[in-house]
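Welcome! Please take a moment to look over the chain below before reading on. Keep the picture open as you go through the points.

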Amino acid sequence: MEVLVYGAGALGSLVGGLLARAHDVTLVGRDPHMRRIREDGLRIDGEADVRVTPRALTDGRHRAADLAVITTKAYDTDAAARALATGEYDAVCSLQNGLTEERLVAALDATALAGTASYGARFAAPGRVTCTGVGEVVVGPLSGGESPAADRVGAAFEAAGIETVVADDMPTRRFEKLAVNAGINGPSALARTENGPTLDGPAGEVAREAARETAGVARAVGVDLTDDRAVDAVERVAADTAANRSSMHEDVVNGRRTEVDAIYGAVVDRADRHELSVPTCRTIGSLIRGWEAARGLR
Ligand code: KPL
């Protein structure tokens, strides 16, 4: 299968590098990472040991592939969609944080699949990423049910040795992932704790409450996600990635813009529309936005 990975940072390079073991892969990312991959190939170390030579570009416009996998930061979704709209793809699949797929559907003709990835990835150096945790990829139709496109994408990921689930309940899984991000990302960034201690320490109740609020919003928009399932998910992911820093924690310590709008904004906006109270997510979101504003990042 021809696959283009748009947004080849840490996770995109890891997924693209694993896919390149079995498929014709093009990565789209930034220099100097892309330049180094063109010169020396891509090296994955840590919990995977892979050396591959995918195509590596900095301009993703006017390309064609069977599948485009989108792994940009959520705030770059519209730019990714504009670039992908100049090319031709049978299917696109987001593995991003936040509820980004609706924006891809609005901008692209290709079949849009929803996806989640629980692999841990860290950027090590240009041309090199570290796999910090072997997880799974879940892919399925955005509105749930089955689709031949999801089956084809699932089979392609499996063929490359990636643990993959083709799911018929993506609406629930997307909100479950949003609950995990709402529970872990803000509290870990504010407390400067790795994912495990975020749940195990004094910030744990904040994390669980953010996950419960997200589940309440899911139910308000007609998605079946119980508070218990959301809390179980946030506890499980924190335990599985105990030693990792969340992406928002990394963003804050590196002085970068965060995905606050795609995570807390997504919860709070939907809560407001349904007159639901989500004080924990609202507070976390305001604190992170306050930090971004003070540093001129928004
Ligand atoms: O998606 C993540 C992130 O850091 O953005 C989790 C699941 C919290 C893993 O760190």
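Predicted model: local features only at pLDDT ≥ 70, side-chain atom pairs only at ≥ 80, totals over all residues.

The chain is assigned two parts, domain 1 (2-166) and domain 2 (170-294).

**How the two domains meet**

- Start by finding the two domains: their centres, taken over C-alpha atoms, are 23 Å apart.
- The contact draws on 25 residues from domain 1 and 19 residues from domain 2.
- About 1700 Å² of area is buried between domain 1 and domain 2, and carbon and sulfur atoms give 55% of that area.
- On the domain 1 side, look for Tyr75, Asn97 and Leu99, which lose the most area to domain 2. Together these three make up 39% of what that side buries.

- Three salt bridges are counted between domain 1 and domain 2.
- Seven residue pairs are in polar contact between domain 1 and domain 2, counting pairs with both residues at pLDDT 80 or more.
- Several elements of domain 1 each supply at least two residues to the side that touches domain 2: helix 4 (101-107), strand 8 (111-117), strand 9 (120-125) and strand 11 (137-141).

**The nonpolar cores**

- The largest nonpolar core has 36 residues. Within this core, Leu18, Leu19, Leu27, Ile44, Leu67 and Phe157 touch the most other members.
- Pick out Leu19 and you will find Val3, Val25, Ala156, Phe157, Ala160 and Ile162 touching this residue, leaving aside residues up to four places away in sequence.
- There is also a second, separate core of 35 residues, and Leu178, Ala189, Val223 and Val234 are among them.

**A closer look at Thr132**

- You will find Thr132 in strand 10, which covers residues 128-133.
- Is Thr132 buried or exposed? Thr132 counts as buried because its relative accessibility is 19%, and the cut-off for buried is under 20%.
- The side chain of Thr132 reaches the backbone nitrogen of Ala121 at 3.4 Å.
- Which side chain does the side chain of Thr132 join in a polar contact of 3.4 Å? The partner is the side chain of Asn244.
- Leaving aside residues up to four places away in sequence, Thr132 touches Glu47, Gly120, Ala121, Arg122 and Asn244.

Notes:
Residues numbered from 1 in each chain as written. Heavy atoms only, no water. Core = buried A, V, L, I, M, F, W, Y, C linked by side-chain atoms within 4.5 Å. Buried < 20%, exposed > 50% of the residue type's maximum accessible area, 1.4 Å probe, protein only. Contact = heavy atoms within 4.5 Å. Domains from an automatic or database assignment. Buried area = accessible area lost by both parts, 1.4 Å probe. Salt bridge = Lys/Arg side-chain N within 4 Å of Asp/Glu carboxyl O. Polar contact = N/O pair within 3.5 Å; in protein donor to acceptor, adjacent residues only side chain to side chain. Helix = DSSP H or I, 4+ residues; strand = E, 2+ residues; numbered from the N terminus.
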